[in-house]
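Subject: Structure handover

Hello,

Here is the structure I said I would pass on. My notes on it follow below.

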Amino acid sequence: MRYLPKSPADRAAMQQAIGIRSIDDLFSPIPAEYRLARDLNVPRQMAESEIVDYFKQRAKENGEGYTSFLGAGAYAHYRPIVIDALVQRGEFLTSYTPYQAEFAQGTLQAIFEFQTMISELTGMDLANASMYDGSTAAAEAVMMAVRVTGKNSAVVARSLHPEYREVLTTYAAHQEIPLKTVAYTDSGQIDLKELEKAIGDDTACVLIQSPNFFGTIEDVEAIADIAHKRGALLIVSIAEAVSLGIVEPPRTADIVAMEAQSFGVPLGFGGPYCGVLATKDKFVRQMPGRLAGQTVDKNGKRGFVLTLATREQHIRREKATSNICTNQALVALMVNIFMTVYGKVGLRELAKQNLAKATYAADQFSKHAKVLFSSAPRFNEFVVQTSEDPRAINSRLLEHKIVGGFPLKKFYPELGHAALWCSTELTTRSSIDKAIDIAVGRAADGDNSDRNLKNPEPVEVAR
Amino acid sequence: MTTKHITRKATRHISQNEGLIFEKSSPGKAAWKLPPLDVPEVDTAKLLGKQERKDLGNMPEVSEIEIMRHFTRLSTWNYAIDLGMYPLGSCTMKYNPRVNEFVARVEGLANGHPYQAEKISQGALQIMKTLSDCLLEITGMDAITLQPAAGAQGELTGLLMVRAYHESQGNARKKILIPDSAHGTNPATAATVGYAVENLKSNDRGMVDVAALAAQMNEDVAALMVTNPNTLGVFEQEIHKIADLLHEKGGLLYMDGANMNALVGKARPGDFGVDVMHLNLHKTFSTPHGGGGPGSGPVAVKKILSPFLPTPVVITKADGTLGFDYNRPQSVGRVRAFYGNFGMFIRALAYIFANGPDGLRQTTEDAVLNANYIRKGLEGVYDLPYSTPSMHEVVFSDKVQSKKGVKTMDLAKRLIDYGFHPYTTAFPLIVAGALMIEPTESEPKEELDLFIEAMKSIAEEVEEDPQFVLDAPHNTRISRLDETAAARKPILRWKPAPSAP
C-alpha cells in the first residue's frame, strides 16, 4: 500500500522488539467474537490514475461547463490562483490547531490577520477564527445573545435564508429558545411594525439577514433602534460577503454572523464553507469558537496564541460557550488570502461590478416579467415572478446548459411562480441576454444578435 | 548541553522575518485586476442611497508577490505532517494524500452549486452514496448522514437523534453518562441538547467500571457516550456488557469514533452493540486538518434511529437516479445548510479507493504496531499509568520528571527543539500530567526510532539540567509566549498606531 512506509522486514523487526509473534497479538484486547474475520466489502485498491479517472467521470455528471444564475447562499466568484497555491503548502494544509504556539506562528498570525480584516469589513470590534458555516454561525449567535442578555427567546426575519432558519430551529429546540418569525413587506424588507410587536420582554435578540435572502438590503439602523429600545441584541447574518465592499456594514448590530464563502471558497456543492462571528468588545467572553490574540515572548518579541480558552469545551466541558472544536481554519485562510488580494480598493470595485451586473439583469428581466421588491436597494440577487412555473423555465434553460434562478415555491409559496436570480462579476452580459431569451420563451440558438425584439410580449405576472 | 543531546532530526536554518500584512500596505498597490465591465456602469449613490459604503477602513493594499512571500514566510513557521511525525494523541495526524486535493479541485465537483438540479448533480450524489456505503460497511451500522461539519457537530446530531428516539418512546429521559476519560466535546454537546451530564468513573485498568455503570444505570439515562478505544488508547473489553446494561434499561450506546483508526478493517462498532456513532473524516480518513479544520463528522446509526436522521438524505429514486429526500417527518431537522462538507467526502472516498480492503486493514495494523513500538521504547523512561494493552495510542505521565519540577508541557516544549511536534499534553484528565502519543500508520521505523531517542534524551536532560528543559523551546523563532497577558488584556486585531499630532 503506497501510503505505508514500512517494509516487511521493518514490521518483523518491530514485532520482535515489542515481543509479539504476530500482529494479531496486538488486537487480542478486542474480544474474538467482534474481530472481523473477512475483508471489508469496499472497492478494491485502486491506482492513482484510476482514482483520478473516477472523479473526473463524476465531475462530468455534475454540471461541468454550465452557466449558472444560482446564488441563494452560495456564490460563484472568481478565485485568484494564489489562493490554492498557498493553501496547498503542506505547512498550512497538514498542520493541526495551533495549540503549540511556538511551532505554529504561521497559522496563528494568519488567524490574527483574518480576525482583523473581518472586523474591519463588518464594522465590529472583533471576530473569531471561524465557525462551520453561515447557518451554524447564526444559530450560535442566537445562543450567545441568550447568554449575554439572560433572556430566552429570539425574533427571526422570514427573509433569513430558509436553511439557516431550519438549522436555528434544530439548535434552539432543546435550549428552550422560542422563535418568532417576522414577515417581509412589499419592499422585500422586514416588516418593522410587525417586528416591534414581536419583540417582548423575554426577547434576547432579533436575527435578520442583509442583504437578505431576496437580495434586498435591510435598514439595519432602524431595526437596531427597535431591538435596542427593548433591550434585545441585533444579530445580522451576511450570506453574500462581497456585498461588504459597497454596502454599509451593520455597525449598529451587536453580533454579525457571516458566511464568507464568497471570499475565495469554491462552491463545492455546499461545503466546506467558512462561518464567522464578529461582535463588540464587551461580549467577547460569551463568544464561541477559537480566538487568536497578540502577546509577547519572554524576550519581548511579538507573537500570537490562542486565547480566552476558558470559554471552550476542552476546559469548561458542559459549561462551555459552545461544543465547537474543529472549525474551518484552512477555508478561513482562503478567505484571508482573497481579502488580502482585493484589499481596500479591489473589494469595492468587485462589489460594484456585482451590483452593475445584477442591475442590468434585473432591468432586462423587468421588460418581460415582474421583478419583485424593487422599491428597496439590493445587491446581486433579485426575485423574478413569471406566469410560467420557474421549474419549467429551468428545465428549458438546462437544455442550453444554463442553470436558472432558484425557485422559491418550496420556501415562499406565497410568491407564486417566483425565482431568485443572481449575477456576479463572472456573469457575462451575453449569458444574461441568452438566459432571458430562453426564459421568456423565445428560441435561443446561441445567437443573440436579434435579441431586441420590436414588440416584446410581456409575460403575464401571477400577482 | 553535552553533545549527546544534539538532535539527529532537526537543525537550525534561516527563518525569514515577516510583519503583519497591514504593515506592508500602502495606497496604490494592488494584487487584483477586473475585466472591463460589459454592462452599463451604475450610479452607486442612486442605487444604494444611505446604504452605500464609502470606506473599507484598514483593509490592506499590497501586490501579488508580497502576498506570495507573506503567506509563504508564515507557512515556514509552522510544523506539519509533511515535515515529520506529529504524534498528537486523539487527533490522528496521518499523511494527507495529494491525490485527494487534486480530485477535490476537479471542475464540476469544485464548482457544483448546492442548488443545481438533481439531474445535473448525479456525480456529487454518487460520491455521497458510495462514501456512505463504504462507511456503513466499515462501521457495521445501518444508516448514515454526512451532514455534520465536524466531530463535535456529529456528536450533536447523534444526541439529537437519541433524544428524538426517546421522545418517540414517550420519554426524552434526563441525562447522558460520560466516562471521566472523555473528550471535552462530549459533555459540552450533551448540555447543548438539554441533557444533564453524569460522570462515570474508570476502573483501575482505565476502562469503564461496569459495576459502577450497573449501579448508575436507570431509566433516566438516555445514553452512554463512550470512546472506543478510549482516550487511553485502551479497547473497552467489556463493551458488549456495557451495551447490554444500557439496552436492558432502554438506553442507547453512543460511540465517539475519534479513535476509529484502531479499528477499521479489524472490528466494527455495529457488531459490538453501538447504536449511534460519529466518524471524523479528518482523522481516520485522511482529510487534512488544515490548522484546525475543515472537518467532517458523519453519523452512522442502527435501524431504530434511521427515521430521525437530519434532512435531506440521499436516496435512489424509482427511475434509478439519485436524489435528496426531504420528506422525513420524524427527522431531527437540519444541522447545517446544504449537505455537509462535500469537499471532505471526495477526499475521504479517494482515500478509501487508494487503500481498498487490504490497505485499510494494513493501515490499522501499522497504526497499532507503531504505538506499541513507542510504548516498548519508552517504558521505564516515562511512567506508564495503566499497563492495560495499548491500541493506536499510548498514554504516559510525567510522574518521574515532575519530581524535578518538569511537567508534561515542559517536556513537550523541549520536544519541539528536537524537531518533533509535541504529543497531546495533559489529556485525558484521569492521568495527572499525561503525555498522549499517537504516531499513526504514516511513520516509518526510522522516524519512530528518532522520536524514542529524542524522548529518552529529554528524560536524561531532566535529570542533568531541569532548568534547561523548563526554558525550552530554545531553537524556535520565538520563545514561550505570555499567555496570561494575552488573556488578561486581549488584543484580537491589529490597529494602526495613533498618528502623531
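How many of the five residues of strand β7 (residues 255–259) of chain A are buried? The model is a predicted one, and in it five of the five are buried, so β7(A) is largely enclosed by the rest of the structure. The burial applies to both faces of β7(A). On one side are A:I255, A:A257 and A:E259, and on the other are A:V256 and A:M258.

Strand β7(A) has partners in chain A. Strand β6 (residues 233–238) of chain A runs parallel to β7(A) and is joined to it by four bridges. Strand β8 (residues 275–279) of chain A runs antiparallel to β7(A), with five bridges between them.

Next, chain B. Helix α11 of chain B spans residues 408–417 and is mostly covered, with nine of its 10 residues buried. The buried residues are B:T408, B:D410, B:L411, B:A412, B:K413, B:R414, B:L415, B:I416 and B:D417. What do the buried residues of α11(B) pack against? They pack against parts of chain B: the helices α10 (399–402), α12 (445–464) and α13 (466–470), together with the strands β11 (424–425) and β12 (434–437). Just after α11(B), B:G419 takes a positive phi of about 90°.

The two chains also touch. In total, 174 residues of chain B are in contact with 161 residues of chain A. Which helix gives the most to the side of chain B that touches chain A? That is helix α9 (residues 342–378) of chain B, with 23 residues. By class, this side of chain B divides into 94 nonpolar, 49 polar and 31 charged residues.

One contact between helices of the two chains can be described in detail. The axes of helix α2 (residues 48–60) of chain A and helix α4 (residues 122–139) of chain B come within 6 Å and cross at roughly 135°. Because of that angle, α2(A) counts as oblique to α4(B). The residues that meet are A:R58, A:A59 and A:K60 in α2(A) and B:G123, B:Q126 and B:I127 in α4(B). The contact of α2(A) with α4(B) has two nonpolar, two polar and two charged residues.

Regards

Terms used. Residues numbered from 1 in each chain as written. Chains lettered and ligands numbered in written order. Predicted model: local features only at pLDDT ≥ 70, side-chain atom pairs only at ≥ 80, totals over all residues. Buried ≥ 20, exposed ≤ 12 C-beta atoms within 10 Å, placed from the backbone. Contact = placed C-beta atoms within 7 Å. Axes fitted to C-alpha atoms, helices over the stretch in contact; angles between N-to-C directions. Parallel < 35°, antiparallel > 145°, perpendicular 65-115°, else oblique. Nonpolar A, V, L, I, M, F, W, Y, C, P; charged D, E, K, R; others polar. Pairing = 2+ DSSP bridges.
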